[in-house]
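Have the coordinates open and follow along.

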Amino acid sequence: MKNVVITGSSSGFGESAAKVFADSGYRVWASMRDIAQRNASKKEELESHSSEISVIEMDVTDDNSVKVGFSTIYEEVEKVDILINNAGIMFTGITEAFSIEQAHKQMNTNYYGAIRATQAVLPEMRSSGSGLIINVSSIAGRIAVPYFGTYCATKFALEAYSQSLRYEVAPYGVDIALVEPGPFSTGLFAAIQQPERTDIINSYGELKNVPESLFSGFGEMLKNGEFPDPKLVVDAYLSLAESDPGTRPMRTQVGVSWGVDELNRISQPIQDNILEGLQIAEYLGGVSK
């Protein structure tokens with residue numbers, strides 16, 4: 001039985017993944033914030049679903065919370081076999097109007113949060129010669145979308161971090177993989193925050209109404225059930241987990257692609273050529289795709 005940690009498991013992809021992995025024979029630790037109050041019912045629901053699910057308190061934006069959370073896991077097991085960095089938040093609106101604090105909040109969750117969790121499991125994975133880390137990105141981590149600027153920035157950062165890390169840890173038997181969902185009907189849209197700098201918003205004149213029109217369209221799509229089934233993303237997590245080590249693709253795009261699947265196909269060979277250019281292919285070669 002393999003041990004899996006899934007961050008951001010209170011809703012959406014993370015919640016579904018916890019159940020699917022437990023049903024598929026994995027030992028699951030589903031992490032989330034505030035399990036004593038706000039998410040107490042979610043904790044009860046997940047742990048009632050399967051005896052193989054344990055819900056643990058973890059705020060990926062806080063160093064000590066991540067440390068304590070993983071300490072709890074390591075009291076029971078010596079190693080985490082699979083980490084799914086699923087926790088994420090999304091702010092949308094006029095990019096200039098987001099405060100530095102708002103930009104930092106997104107980066108702290110979507111990027112630094114993934115680094116914190118990764119650093120908690122990677123030493124044991126390397127020493128044991130095996131492991132898989134799935135970082136949940138987005139098609140907005142490959143193409144820049146108007147009014148998603150600060151969110152895109154966090155996912156672009158996660159993409160670059162994951163690609164570099166994949167090269168470096170592959171020789172130790174550890175796989176790093178990205179999953180890039182398009183728009184899906186998850187709690188991410190429901191939790192969207194707007195920019196704080198209203199003075200900047202007002203200075204855009206008539207164009208200040210464009211984001212609202214754009215997001216109203218997304219709302220209609222959501223209401224009409226036009227988004228793909230979120231199960232497709234969880235299926236991608238499970239497929240990566242059950243693939244042979246060393247054969248997992250760098251990027252798996254799921255759902256609406258807006259051309260990202262084609263971008264990945266074209267760009268990966270170019271990206272991998274950097275190993276030859278830096279004359280380190282003999283050390284890190286064979287970790288592309």
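Three bridges tie strand β1 to strand β4 (residues 82-85), and the two run parallel. Strands here, like helices, are DSSP runs numbered from the N terminus, with at least two residues of E for a strand and at least four of H or I for a helix; two strands pair if DSSP finds at least two bridges between them. Look for Val-5, whose bridge partner in β4 is Leu-83, and for Val-4, which stands opposite Ile-82 in β4.

A word on what you're looking at: this is a predicted model, in which local features need pLDDT of at least 70 and side-chain atom pairs count only at pLDDT 80 or more, while totals for chains, interfaces and linings use all residues. Residues are numbered from 1 along each chain as its sequence is written, and side-chain values use heavy atoms, with hydrogens and water left out.

Now stay with β1, residues 3-6. Asn-3 and Val-5 sit on one side of this strand and Val-4 and Ile-6 on the other, and all of them are buried, so both faces are covered (buried is under 20% relative accessible area, exposed is over 50%, and partly exposed is in between, using a 1.4 Å probe and protein chains only). β1 also pairs with strand β2 (residues 27-32), again in the parallel sense, over four bridges. There, Val-5 stands opposite Trp-29. To get from β1 to β2 the chain goes through helix α1 (residues 12-23), and this β-α-β crossover is right-handed; that is, with the strands pointing away from you, the path from the first strand over the helix to the second runs clockwise.

Next, move over to β4. Ile-82 and Ile-84 point one way from this strand, Leu-83 and Asn-85 point the other way, and all are buried. β4 pairs with strand β5 (residues 131-136) over four bridges in the parallel sense, and in β5 the bridge partner of Leu-83 is Ile-133. The chain crosses from β4 to β5 through α4, and this β-α-β crossover is right-handed.

What about empty space inside? Rolling a probe the size of a water molecule over the atoms shows where empty space is left. Grid points are joined across faces, edges and corners, and a volume is the space filled by probe spheres set on the points. By this rule there is one cavity of 30 Å³ or more, and the largest cavity has a volume of about 30 Å³. Its lining is made up of Thr-7, Val-60, Asn-85, Asn-86, Ala-87, Thr-109, Gly-113 and Ala-114. Helix α4 (residues 100-128) gives the largest share of that lining, three residues. By class, the lining has three nonpolar, five polar and no charged residues (Ala, Val, Leu, Ile, Met, Phe, Trp, Tyr, Cys and Pro count as nonpolar, Asp, Glu, Lys and Arg as charged, and the others, Gly among them, as polar).

On to the rings. Rings of Phe, Tyr and Trp (its six-membered ring) pair if their centres lie within 6.5 Å, with planes under 30 degrees apart called stacked, over 60 edge-to-face and the rest tilted. The count comes to five aromatic pairs. In one of them, the rings of Phe-21 and Tyr-26 have centres 5.0 Å apart and planes at 65°, so the pair is edge-to-face. Phe-21 and Tyr-26 are both buried. Tyr-111 and Tyr-112 make a tilted pair, 5.4 Å centre to centre with 40° between the planes. Tyr-111 counts as buried because its relative accessibility is 18%, whereas Tyr-112, at 33%, is partly exposed. Together with Tyr-161, Tyr-111 and Tyr-112 form one aromatic cluster.

Finally, head for the later part of the chain. Val-254 is in strand β7 (residues 251-254) and counts as buried at 7% relative accessibility. Val-254 and Phe-21 are 233 residues apart in sequence and 18 Å apart in space, C-alpha to C-alpha.

Which backbone angles deserve a look? Tyr-147, in the loop between β5 and α5 (149-169), has a positive phi of about 75° although it is not a glycine. Trp-258, in the loop between β7 and α10 (260-277), is another residue other than glycine with a positive phi, near 50°. Trp-258 is partly exposed, at 47% relative accessibility.

How values were computed
On a 1 Å grid over the protein atoms alone, a cavity is a set of points where a 1.4 Å probe fits but cannot get out, and a pocket is an open set with protein on both sides within 12 Å along at least five of seven lines; lining residues have an atom within 4 Å of a point.
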